[in-house]
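Please walk through this structure one piece at a time. Keep the sequence and the coordinates side by side as you read.

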Amino acid sequence: MPFNELFTLALHALIANKLRSILTTLGIIIGVFAIIVLVSIGTGLQSYITDQVSGLGSNLMFVIPGAEGGARTAGGAVTNKLTINDANELETKLKGQAQVAPVLLKTATIKYQNQTDKGVSIAGTSANYTQIISTIKIDQGTGFTEAQVRAGASVALIGATVNTKLFPNTSPIGKNILIGANRFTVVGVLAKRGSTFGIDQDNIVGIPVTIAQRQFGVNTVNAIYISALNANSVSFVKTQATKILLNDKRLTTDDFNIQTQESTLSTIQSITGALTAALGGIAAISLLVGGIGVANIMLVSVTERTREIGLRKALGAQKEDILKQFLIEAIFLCVLGGSVGILLGYGASLIVSYFFTTVVSVWSVLLAFGFSVAVGLIFGMAPAIKASNLNPIEALRYE
Amino acid sequence: MKKVPVIQLKDIRKEYHNLDVVTYVLKGITLEIFEGDFVAITGPSGSGKSTLMNIIGLLDTPTSGTYLLRGKNVTNISERDLARTRNKEIGFVFQSFNLLSRSTSLENVMLPAIYAGMKGEARKERALKLLGQVGLGERINNKPNQLSGGQQQRVAIARSLMNDPLIILADEPTGNLDSKSGEDVMNILDTLNKEGKTIVLITHEPNIAARAKRIIHVKDGLLNT
């Protein structure tokens, strides 16, 4: 029996029981809808984080204290041994291949006249920091110079939030602010960066790393940022940097590790990927329940139409004609539900996108569609087999 | 030259096994029906005539014996071939009409041709012609619940003729009809037989059986001619 005849047959049967067909389809619609929406939120989160991280530049890598994989020293805590000298060493030996900036991060309260800003991130770094982190740009004034870094000059670059808090009405350039008890001259204002995970990226003050060490009484740095000049040479630069740091025997492989953006991204992606899968999995359960609904209704339909099946077989329908007839009905229900669910889910994620980033990926649509066809096939199979195996004599006698 | 019978049953037996109890329904039936014949099979209920009809109609297979349909052995053919042979060679008319309730007369008549793979246009043309022959040319778009019992049975007869079968197998075709409608249906069968159609009629009503050319009595699983 040709497909178009089978299809018409299925359509007639479904239209004959409109309300029942709609309710059954609803189960599939909800399941597919949930998959599309939840996966779009998960994927959206993933792309948001990935954008944030790769916004820093894929050439970037970080030398941080402690061994690779977080192995600890015998004492149990990481002893930070990274210094400005290590950064200088790297800078000199990677010349032409990478730019290097040491970073010392602390928190302090800053003041200007009677205005106070508490809990400001103080980043001690070198003059080329704005070249290494591409998302950091100077909005007004200038950055500090290499000479100022070497001399330990008391100059500061302030973030946009600090600027609005301390200098609501005046230009900050050339003004003196207090970081703790020490006086710094503002030389520039950084462009606004917004917030990441609710952390204000603009409540920050950048000062030369040398003065920062003095300010906070430390002789180490939290991290050394290395930016390879060429994205293809990231792993080469990483190997080189490791060799350089191990060179003078002061540092061992237990004292530091170098994280590339690639490794950071893959960690993040594996976490958000798992989250997306979990969300999708939860949604898939509702699709499964919808599928059971389809199976249930198809079983009822087969029982109701026992005489029809008997008649069709007596008139010469082959087993597979009957099988296909019921299977196509079930798949049609699911495909219809799947399509409506995809459209509704797409609409809903457009609405959700006003609050979160959502991404309706092609694969999630294909997956949802494929899944609903599969649900129709799997859950339609048992009723269809039951129908095709009916004995025509008994089926015709069925009341 | 001897004519090949349309239906030739040789020592057909049918037994049902239920745990240790064996029920012998047919105990060796030998029967020949020739082309153009009009045979009535009668017998009380439980005589085995329904089983005999199911075997002749290829809805059931005998436990032993041989069934030749126009010389071709159909005793042990596959389920697939049984369905195909039913479709092409047997035209069923049932006591309770067995029309699809959601389909029109025309769609009901076309049904066997769909399974035979007949093309849409040819199918419709033939179905319209057959409905005209049974006097329902005006009711082609009516559904069964808009037709009287007699009209429904005439739709069923048109359906049985759709694939131009070797035999019409009518199982109590007048059983659910009033005498007037029953008479109409019998007249149609008579006409078909006069046009050369082989008809096998199962009935327990003597006056209906009397319309046939030949009456075969079944009793306790045996023929009693």
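In helix α10 of chain A, the buried residues are A:Glu308, A:Ile309, A:Gly310, A:Leu311, A:Arg312, A:Lys313 and A:Ala314. Buried means that 20 or more other C-beta atoms lie within 10 Å of the residue's own; exposed means 12 or fewer, partly exposed is in between, and C-beta atoms are placed from the backbone. By that count α10(A) is mostly covered, with seven of its nine residues buried. Helices (H or I, at least four residues) and strands (E, at least two) are DSSP runs, numbered from the N terminus.

The model is predicted: local features need pLDDT of at least 70 and side-chain atom pairs count only at pLDDT 80 or more, while totals for chains, interfaces and linings use all residues. Residues are numbered from 1 along each chain as its sequence is written, and chains are lettered from A and ligands numbered from 1 in the order in which they are written.

What do the buried residues of α10(A) pack against? In chain A, they pack against α11, α12 (362-388) and α13. In chain B, they pack against α2 (79-89) and β6. Contact here means C-beta atoms, placed from the backbone, within 7 Å. After α10(A) comes A:Gly316, with a positive phi near 115 degrees.

Now turn to the interface. Chain A and chain B each bring 18 residues to the contact. On the chain A side, α1 (3-16), α10 (306-314), α11 (319-352) and α13 (392-397) each supply at least two residues. α10(A) gives the most to this side, with five residues. By class, the chain A side has nine nonpolar, three polar and six charged residues. Ala, Val, Leu, Ile, Met, Phe, Trp, Tyr, Cys and Pro count as nonpolar; Asp, Glu, Lys and Arg count as charged; the others, Gly among them, are polar.

Next, the helix pair within chain A. The axes of α9 (261-304) and α11 of chain A come within 11 Å and cross at roughly 145 degrees. Axes are lines fitted to C-alpha atoms, for helices over the stretch in contact, and angles run from 0 to 180 degrees between N-to-C directions. α9(A) supplies A:Gly290, A:Val294, A:Met298 and A:Val302 to the contact. They meet A:Phe326, A:Glu329, A:Ala330, A:Leu333, A:Cys334 and A:Gly337 in α11(A). This contact has seven nonpolar, two polar and one charged residues.

Strand β5 (155-158) of chain A is covered on both faces. A:Val155 and A:Leu157 are buried on one side, A:Ala156 and A:Ile158 on the other. β5(A) runs parallel to β7 (182-190) of chain A, joined by four bridges. Two strands pair if DSSP finds at least two bridges between them. β5(A) also runs antiparallel to β10 (204-208) of chain A, joined by two bridges. Follow A:Ile158 across: A:Val189 stands opposite in β7(A), and A:Val205 is its bridge partner in β10(A).

Chain B holds an open sheet of six strands in the order β6-β7-β8-β3-β9-β10, with mixed pairing. Why is one side of β6 (90-93) and of β10 (222-223) of chain B left without a neighbour in the sheet? Both stand at the edges, each with a single partner strand, so one side of each has no neighbour there. β6(B) pairs with β7 (167-171) of chain B in the parallel sense, over four bridges. Within that pair, B:Phe92 stands opposite B:Leu169.

An open sheet of four strands in chain B has the order β2-β1-β4-β5, with antiparallel pairing. Its edge strands are β2 (21-33) and β5 (72-73), each pairing on one side only. Ten bridges join β1(B) to β2(B). One of the partners in β2(B) is B:Leu26, bridged to B:Lys14.

Two residues of chain B deserve a look for their backbone angles. B:Asp11, in strand β1 (7-18) of chain B, is not a glycine, yet has a positive phi of about 50 degrees. B:Asp11 counts as partly exposed because it has 13 C-beta neighbours inside 10 Å. B:Leu58 is not a glycine either, and has a positive phi of about 60 degrees. B:Leu58 sits in the loop between α1 (49-56) and β4 (64-69) of chain B. With 24 other C-beta atoms within 10 Å, B:Leu58 is buried.

Note on methods: Contact = placed C-beta atoms within 7 Å.
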